[in-house]
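Please read it beside the sequence and the structure shown here.

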Amino acid sequence: MDTHQLPPETPGEVTGEATAEVSGGAAAEAPGEDAARRYRTQVWGGAAWSLWRPPVDGTVGGRLRELADWVEAVELADALPDVYGDGLVEVLEGRVAEELGMEAAVFFPTGTMAQQVALRCWAGRTGSPVVALHPLAHPEVHEDDAFRTVSGLRTVHPTDAPRLPTAAEVRDHPEPFGTLMLELPLRDAGFVLPSWEELTATVEAARERDAVVHFDGARLWECPTHFGRPLAEIAGLADSVYVSFYKSLGGMSGAVLAGPEELVAEARVWLHRYGGQVFQQYPAALSALRGLDTELPRLPSYVAHARVVAGALREALAEEGGPGWFRVHPEVPHTHQFQVWLPYGPDVLTAASLALTERTGVCLFRRWFAPGAGGPPGTASTEVTVAEAGLEWTAEDVRTAVRDFLALVRG
């Protein structure tokens, strides 16, 4: 990695500049989070070296040109736009059903809507509105109580440990439930996955209770490397699966619910009732198809290199001696994403992340966040994603970036 090294006399000044720019400088021209986000996107999106180029980087024109170039290359330029879910949307649904080994699939504009519909349909079929899931699962943390408020569902938690529930916890849970929902991987616990044996045992325990199993597979695309099984075999453990297109595949938006033909047919009715039958969705469908063609085959290489990056991060943090307590979690990533924890406030670490990119052109970390309820006080965490851009990084590149980053943090 060819970068500008930090001048030894300036790290404190650089940290101060970055903090000022976030709170006053460039952001002061248009106060508020929107301005801060624009500033962060400008800095990190312009990095010469980055572990990941997320979809929010770049410009509208640039993203549209990339999609148009792919459409021309695969000879889809003359395809007709969809109307209320036909055409290209049907092509996408068929492709995902095939990838997951499911009978049928239906496209939704959001994963939140897809999962509400899925669990609502299963509640009607099982006769139970109770869903067993983890308290850190997406519906509990990020959907503003939609299960209860919109769909009339009730949730129970077989475990609150930072991992998926075990077979014993599912089997011995004192309350009845009709559906077991498993988020694979469990993002807010560190993108963690069980072993294949643990997963199959947990699914079997749900079956013993006559419950159906639904996978929140927003990032299921990333899981085959950890499990050592193909996508269709993993998805085949569940009665239904939801997958996202922008979280792993770089799509614009959208999700698919896949499962038995009867369930999918009923889900289409609820798609309309929920207002999800959008007039035209071909840009999202095309970007999803592009992700399946270009990103899905690369994900195993991203997962493998994430393990190299995580190992180098641990080594560098330990060698620097230095912030004292730190955590890279999981130590060996289960997917191409993992967490890093440090004993500083999120504002200090975010400012240092911005300053590192400004001074060296290297984007090692992005935003940092304070821990949620019950988390260790005085710390912050960030999520690290390794994708195509990160494949260029060597372990020594990571160690150098960590040293420069910590110099800025210490000021």
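A residue is called buried when its relative accessible area is under 20%, exposed when it is over 50%, and partly exposed in between. By that rule arginine 154, at 38% relative accessibility, counts as partly exposed. The model is a predicted one, and the points below are grouped by topic.

**An enclosed strand**

- Strand β8, which spans residues 255-259, is largely enclosed by the rest of the structure, because 5 of its 5 residues are buried.
- In a regular strand, side chains alternate between the two faces of the sheet.
- In β8 both faces are covered, with Ala255, Leu257 and Gly259 buried on one side and Val256 and Ala258 buried on the other.
- Strand β2 (residues 104-108) runs antiparallel to β8 and is joined to it by 5 bridges, and within this pairing alanine 105 has alanine 258 as its bridge partner.
- Strand β7 (residues 240-244) also pairs with β8 in the antiparallel sense, over 4 bridges, and here valine 243 stands opposite valine 256.

**Surface patches**

- Glu66, Asp69, Glu72 and Asp78 gather on the surface in a patch of negative charge; of these, glutamate 66 lies in helix α4, residues 60-73, and counts as partly exposed at 45% relative accessibility.
- Val83, Tyr84, Val278 and Phe279 make a nonpolar surface patch of about 360 Å².

**Backbone geometry**

- Most residues other than glycine have a negative phi, and most peptide bonds are trans.
- Tyrosine 84, in the loop between α4 and α5 (88-100), has a positive phi near 50°.
- Aspartate 145, in the loop between α7 (138-141) and α8 (146-151), likewise has a positive phi, near 60°.
- The peptide bond joining leucine 184 and proline 185 is cis, with omega about -10°, and proline 185 lies in the loop between β5 (179-183) and α10 (196-208).
- The bond from histidine 329 to proline 330 is also cis, with omega near -10°, and proline 330 is placed in the loop between β9 (327-329) and β10 (337-342).

**Salt bridges**

- A search of the whole structure finds 20 salt bridges.
- One of them joins the side chains of arginine 366 and aspartate 57, at 2.8 Å from N to O; this pair links distant parts of the chain, 309 residues apart, with arginine 366 in the loop between β11 (362-363) and β12 (380-385) and aspartate 57 in the loop between β1 (49-50) and α4.
- Both partners of that pair are buried, since arginine 366 has a relative accessible area of 17% and aspartate 57 one of 10%.
- Arginine 148 and aspartate 145 meet in a salt bridge at 2.6 Å, N to O, where arginine 148 is partly exposed at 35% and aspartate 145 is partly exposed at 34%.
- Arginine 154 forms a salt bridge with glutamate 175, the closest N and O atoms being 3.2 Å apart; arginine 154 lies in strand β4 (residues 154-156) and glutamate 175 in the loop between α9 (167-171) and β5, so the pair ties together parts that are 21 residues apart in sequence.
- Glutamate 175 is itself partly exposed, with a relative accessible area of 31%.
- Glu315, Glu396, Arg399 and Arg403 are linked in a network of salt bridges.

Notes: Residues numbered from 1 in each chain as written. Predicted model: local features only at pLDDT ≥ 70, side-chain atom pairs only at ≥ 80, totals over all residues. Heavy atoms only, no water. Patch = residues over 30% accessible without salt bridge, like charges linked within 9 Å, V, L, I, M, F, W, Y side chains within 5 Å. Areas by Shrake-Rupley, 256 points an atom, 1.4 Å probe, with all protein chains shown as cover. Salt bridge = Lys/Arg side-chain N within 4 Å of Asp/Glu carboxyl O. Lys, Arg positive; Asp, Glu negative; His and termini not counted. Charge placed at Lys NZ, Arg CZ, Asp CG, Glu CD. Helix = DSSP H or I, 4+ residues; strand = E, 2+ residues; numbered from the N terminus. Buried < 20%, exposed > 50% of the residue type's maximum accessible area, 1.4 Å probe, protein only. Pairing = 2+ DSSP bridges.
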